[in-house]
Amino acid sequence: AYALCEGPIQGIKRIYIDDIELPLPTDFYTDGAVVDVNSGKFSGRIKFQPFYGYQASNQNVNADLRGPNWDKKQRPFTRAAFVVMRFYWKEIVNQVDADNNPFGGGIPNVKFDILGKRVMDVRRYSEPYSNFFYDPFSTANPYSYNPANCLLDYMLNKEYGAGLEVNQIDLESFKIAAKKYAQTVTYNDTYSGPA
C-alpha cells in the first residue's frame, strides 16, 4: 500500500514502475477501480487499486490485492489518498525466463503523478460570508492551481495546516487574490495564461 497524501485528490494521471509509464485506461485511473495491467512490459504482472480519499471511513480494498497478513493489522487509511498494488513474479527456470522478468530485483520503484488535493474555491462565496463553511473533504471542491485557494485551505485545515477558524481570516482579501490569480495575462507575443 502506497500512501500518497491527504485526500480528496483530483486523480492520478500517471504511474511509473522503474521509470516506465503504465498504460492509462482513460484520462485518470478511476477511484476504487481495480486495474489489471494487460499491455506493455508489465502485462499480467501488476494489479492495483487507487483510492482518492473521498471516504471518511475504511476504503474497501479488493480481496485479490490483500496479502495473507492484511487483516491482522488495522489499516484505516481514513481520508487518505493511497494505492494498493500487487506485483506478480514468475518462477525463473532458465535464461529466457530471466530475460522476460520485468522486475530488476526486489520491489520496484513506484512513482505517482498526482493532480493534487481538492480545495474550496473562495470565489464561490460573497460577503457577509455567513454561508461559508470550510469542508476540506467535500466532493464539490475543485482541484486548483490558484495560490489563494491553496493557501486558504492550508490556513483552515486542522489536520495538516494552521487550523485557524474562519472568523480569524479576512475571506474578502482571499477572494480578491483568487480572482486576480485567475485572470488571463499575456506574457509575450506567443504565450498567455493564468496570472
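Predicted model: local features only at pLDDT ≥ 70, side-chain atom pairs only at ≥ 80, totals over all residues.
Visitor: Good. So which residues is S144 in contact with, leaving aside its neighbours within four places in sequence?

Guide: With those neighbours set aside, S144 is in contact with K117, V119, N149 and C150.

Visitor: Where is the place of S144 in the chain?

Guide: You'll find S144 in the loop between strand 7 and helix 2 (147-156).

Visitor: And is S144 buried or exposed?

Guide: S144 has a relative accessible area of 14%. Buried means under 20%, so S144 counts as buried.

Visitor: Which backbone nitrogen lies 2.9 Å from a polar atom of its side chain?

Guide: That is the backbone nitrogen of N146.

Visitor: How many bridges pair strand 4 with strand 5?

Guide: Two, in the antiparallel sense. In that region V35 stands opposite F48 of strand 5.

Visitor: And what about the open sheet of three strands?

Guide: Its order is 3-2-7, with antiparallel pairing. Strand 2 and strand 3 run antiparallel and are joined by two bridges; I17 has I20 as its bridge partner in strand 3.

Visitor: Nice. Which residues touch the most other members in the largest nonpolar core?

Guide: That core has 19 residues, and I15, I17, L22, I46, F48 and M85 touch the most other members. Strand 2 (9-17), strand 5 (46-51), strand 6 (80-87) and strand 7 (110-117) are the elements that give two or more residues to this core.

Visitor: Take I15, then. What is I15 in contact with, leaving aside its neighbours within four places in sequence?

Guide: I15 is in contact with I20, E21, L22, Y29, F48, M85, V110, K111 and F112.

Visitor: On to the rings! How many aromatic pairs does the structure hold?

Guide: There are 11. One of them joins F51 and F82, with ring centres 4.7 Å apart and planes at 20°, so the pair is stacked. F51 is in strand 5 and F82 in strand 6, 31 residues apart, and the pair links distant parts of the chain.

Visitor: Are F51 and F82 buried or exposed?

Guide: F51 is buried, with a relative accessible area of 5%, and F82 is buried at 0%.

Visitor: What about W89 and F103?

Guide: They form a tilted pair, 4.8 Å centre to centre with 45° between the planes. W89 is in the loop between strand 6 and helix 1 (95-99), while F103 is in the loop between helix 1 and strand 7. W89 is partly exposed, at 41% relative accessible area, whereas F103 is buried, at 2%.

Visitor: Which cluster do ring pairs link W89 and F103 into?

Guide: A cluster of F42, F87, W89 and F103.

Visitor: Last one: which residue lies over the face of F28?

Guide: K13, at 5.2 Å from the ring centre.

Definitions and conventions
Residues numbered from 1 in each chain as written. Heavy atoms only, no water. Core = buried A, V, L, I, M, F, W, Y, C linked by side-chain atoms within 4.5 Å. Buried < 20%, exposed > 50% of the residue type's maximum accessible area, 1.4 Å probe, protein only. Helix = DSSP H or I, 4+ residues; strand = E, 2+ residues; numbered from the N terminus. Contact = heavy atoms within 4.5 Å. Polar contact = N/O pair within 3.5 Å; in protein donor to acceptor, adjacent residues only side chain to side chain. Pairing = 2+ DSSP bridges. Phe/Tyr/Trp six-rings, centres within 6.5 Å; stacked < 30°, edge-to-face > 60°. Lys NZ or Arg CZ within 6 Å of the ring centre and 35° of its normal.
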